[in-house]
Amino acid sequence: ENEVIPIKLLDTDTISQAKEKILDVLYRNTPFSRRPQVSELDLELRKDTGTLLLCDQDSSNDRDGEWIKVNTIGHYRHEMSWHSSSAPVPINTQIRFALVSSSDYSGYNKVVVYENMRSPSSCLEASMERRHIYHLVKSDITTSNVVEGEVIQGRLMSEAFLPRLLSTKMVLQPYVEDLFKAIFAVPTPQCATVPKAVKFLFDFLDQRAAEIGVQDNDTVHRWKTNSLPTRFWFSVIKNPDLVFDIHKSATVDSCLSVISQAYIDACSTSETKYTKDTPSSKLLYVNEVRGYKTHIQQYYNTIQSLPKMEKMEMDEYLKEGTQTNQQYFVTESALYELAKYGIMYSAEVAAALNEDGLTDTVQTFEDVVKGLNPQHN
């Protein structure tokens, strides 16, 4: 039995964007690596008079001199209202998906997505005349306005899109707030614990600062920030596809860049200076960043005030974690990475061991390095 699935497409969507939206609905619960790629599918319009393959570029593109406008849904739609109808979609079989007119679900004016079987001449290659292709606005578009008899010309400024930028931020802000609260969760009576590894690491940095006489709190703050928040969480925020099997489009990437920049600004101890040349995307989180800075400092101070974790407790925690997740660890690979580090920084490691009075360990370490790297002197 066919299932009716509504899919919202915009007149301004290119054909590739339309196919992406269709795939997002059909494969919403499927890892991205197991989904068909946009390039593997075609979009075809089927009418009583015949069929038409929909492409970003074909012989029907609007042209203006050397410029070619990418085809959109609106280019082909001709004032039709689209809805969708879908049959079950087995993996690795032909996809039977149709967009049909809202007034007729029987199949009139269908748009069908099927496995790519196009001939080389059915659509123009995307690489053709790439320098002259545009979607909605040409890259060098200028605006001309007459003000008191003078003609003012300039590039179409990004500030023209500021209302949409602000509305997008309002939609995303609750999720951004939850993200920051999850990363910098300050211990409370209801949740009085922090990850043991984080507590042990921050205690080590505080102890090291005391040993070498570091009095500047900003320096210790930067140590802690660079050891975890910016080294790990920044990468996850900016590149979630490193952790999850998802697709990060150019649009999503630009949005994540704004959020990750706000994250970096919040972790910094220095005040960010804003000028008239500061991009509007960076100004979006000016007020929030101030609050995030206070919260992060409270996070560090609260963890510092908790009872110090002993090394034996940390060793037991690591041992327990290793045993629990033994199937996920490859001992040989871990030793290989440690060996590379030891060989690369052998002189620095030996000097640090001597400084700590571990002279017997130095000789053992050097013997191990020589065994791993015969060229080491």
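Is K311 buried or exposed? K311 is exposed, because its relative accessible area is 53% and the cut-off for exposed is over 50%. Keep in mind that this is a predicted model.

Let me stay with K311 for a moment. Its side chain meets that of D315 in a salt bridge, at 3.1 Å from N to O. Both residues sit in helix α10, residues 311-324. They are 4 residues apart, so about one helical turn separates them. D315 comes out as partly exposed, at 38% relative accessibility. Elsewhere, salt bridges with shared partners join K238, D241, K248 and D253 into one network.

How many salt bridges does a search of the whole structure find? The count is 12. I will take two more of them.

Next, K199 and D203. Their side chains form a salt bridge at 3.0 Å, N to O. The spacing is again 4 residues, this time in helix α4, residues 196-211, so the two are about one helical turn apart. Here, both D203 and K199 are buried.

Now a pair that spans the chain. K169 forms a salt bridge with E288, and the closest N and O atoms are 2.8 Å apart.

T302 is buried, at 17% relative accessibility. Which backbone oxygen does the T302 side chain reach? That of Q298, at 2.7 Å. Setting aside neighbours within four places in sequence, T302 is in contact with V186 and P187.

Last, the strands. There is an open sheet of 3 strands, in the order β4-β5-β9, with mixed pairing. β4, residues 63-64, and β9, residues 133-134, stand at the edges. Each has a single partner strand, so one side of each is left without a neighbour in the sheet. β4 pairs with β5, residues 67-69, in the antiparallel sense, over 2 bridges. Within that pairing, which residue of β5 stands opposite R63? It is I68.

That is the tour. Questions, please.

Note on methods:
Residues are numbered from 1 along each chain as its sequence is written. This is a predicted model: local features need pLDDT of at least 70, side-chain atom pairs count only at pLDDT 80 or more; totals for chains, interfaces and linings use all residues. Side-chain values use heavy atoms; hydrogens and water are left out. Two strands pair if DSSP finds at least two bridges between them. Buried means under 20% relative accessible area, exposed over 50%, partly exposed in between (1.4 Å probe, protein chains only). A polar contact is a pair of N or O atoms within 3.5 Å; within protein, one must be able to donate a hydrogen and the other to accept it, and residues adjacent in sequence count only if both atoms are side-chain atoms. Contact means heavy atoms within 4.5 Å. A salt bridge is a side-chain nitrogen of Lys or Arg within 4 Å of a carboxyl oxygen of Asp or Glu.
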